[in-house]
Amino acid sequence: MGFIIIGIGSISDTGLNGAILQIISHGFIGAALFFLAGTGYDRLRLLYLDQMGGMAILMPKIFTVFSILSMASLALPGMSGFVAELMIFFGILTSQKYLLMTKILIIFLNTIGIILTPIYSLSMLRQMFYGYKLFNTPNSYFFYSGPRELFISISILIPVIGIGIYPDFIFSFSVDKVEAILSNFF
């Protein structure tokens, strides 16, 4: 959410378009990760990370999609979050509204977030899928991912990759509105 605030606060067309793209990207990635967390809970009936472990062996399809979407939330190049964050950085750098020291401070604080997010996300993935404790769950709860879960996961993953490769599709809708907002209010 910090990137969205910075993109809007940059008061530049690049920053605002990046903020719009970040909102859309966050919606897709967040929805997919919550869906996959729900499917994992349906199978395991476990809530805490310290109780999980070894899921990658038993659920390789969910592990693969969950890992790809976790990397997308870290703004992996080729995913929609990367393009959005890059545009927001360029938007704040090219903004004429802030002094150079303010820009450096904002980028420094964002960089701390960019460093801490992978630490949390990758340690969560490691614990869930390769954790120290292999879970023991009754067989009545556990079943492999079916075509329904894979269809929904891939249906959400395709726009994340598509927007990352071709973001002009989203910009074709937003560029005129952003220019109108900037010309009328700033």
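**View 1. Helices that line the largest pocket of this predicted model.** Helices α2 (13–44), α4 (60–73) and α6 each contribute at least two residues to the lining of the largest pocket. The largest share of that lining comes from α2, which supplies eight residues. The volume of the largest pocket is about 520 Å³. Its lining consists of 22 residues, and those closest to the centre are Leu 33, Ala 37, Phe 66, Tyr 120 and Met 124. Sorted by class, the lining of the largest pocket holds 15 nonpolar and seven polar residues, with no charged residues.

**View 2. The second largest pocket and the helices around it.** The second largest pocket has a volume of about 440 Å³. At least two residues of its lining come from each of α1 (2–9), α2, α4, α5 and α6. Helix α2 gives the most to the lining of this second largest pocket, namely six residues. In total, 21 residues line the second largest pocket. Nearest the centre of the second largest pocket lie Phe 3, Gln 22, Ser 73, Glu 85 and Thr 117. By class, the lining of the second largest pocket divides into 10 nonpolar residues, 10 polar residues and one charged residue.

**View 3. Ser 95 in the loop between α5 and α6.** The loop that holds Ser 95 runs between α5 (80–94) and α6 (100–130). Is Ser 95 buried or exposed? Ser 95 counts as buried because its relative accessible area is 1%, and the cut-off for buried is under 20%. A polar atom of the Ser 95 side chain lies 3.3 Å from the backbone nitrogen of Lys 97. Leaving aside residues up to four places away in sequence, Ser 95 touches Ser 10 and Lys 103.

**View 4. Glu 149 in helix α7.** Glu 149 is part of helix α7, which spans residues 147–165. With a relative accessible area of 5%, Glu 149 is buried. Which residues does Glu 149 touch, not counting residues up to four places away in sequence? The contacts of Glu 149, with that exclusion, are Phe 35, Thr 39 and Arg 43.

Definitions and conventions:
Residues are numbered from 1 along each chain as its sequence is written. This is a predicted model: local features need pLDDT of at least 70, side-chain atom pairs count only at pLDDT 80 or more; totals for chains, interfaces and linings use all residues. Side-chain values use heavy atoms; hydrogens and water are left out. Helices (H or I, at least four residues) and strands (E, at least two) are DSSP runs, numbered from the N terminus. Buried means under 20% relative accessible area, exposed over 50%, partly exposed in between (1.4 Å probe, protein chains only). A polar contact is a pair of N or O atoms within 3.5 Å; within protein, one must be able to donate a hydrogen and the other to accept it, and residues adjacent in sequence count only if both atoms are side-chain atoms. Contact means heavy atoms within 4.5 Å. On a 1 Å grid over the protein atoms alone, a cavity is a set of points where a 1.4 Å probe fits but cannot get out, and a pocket is an open set with protein on both sides within 12 Å along at least five of seven lines; lining residues have an atom within 4 Å of a point. Grid points are joined across faces, edges and corners, and a volume is the space filled by probe spheres set on the points. Ala, Val, Leu, Ile, Met, Phe, Trp, Tyr, Cys and Pro count as nonpolar, Asp, Glu, Lys and Arg as charged, and the others, Gly among them, as polar.
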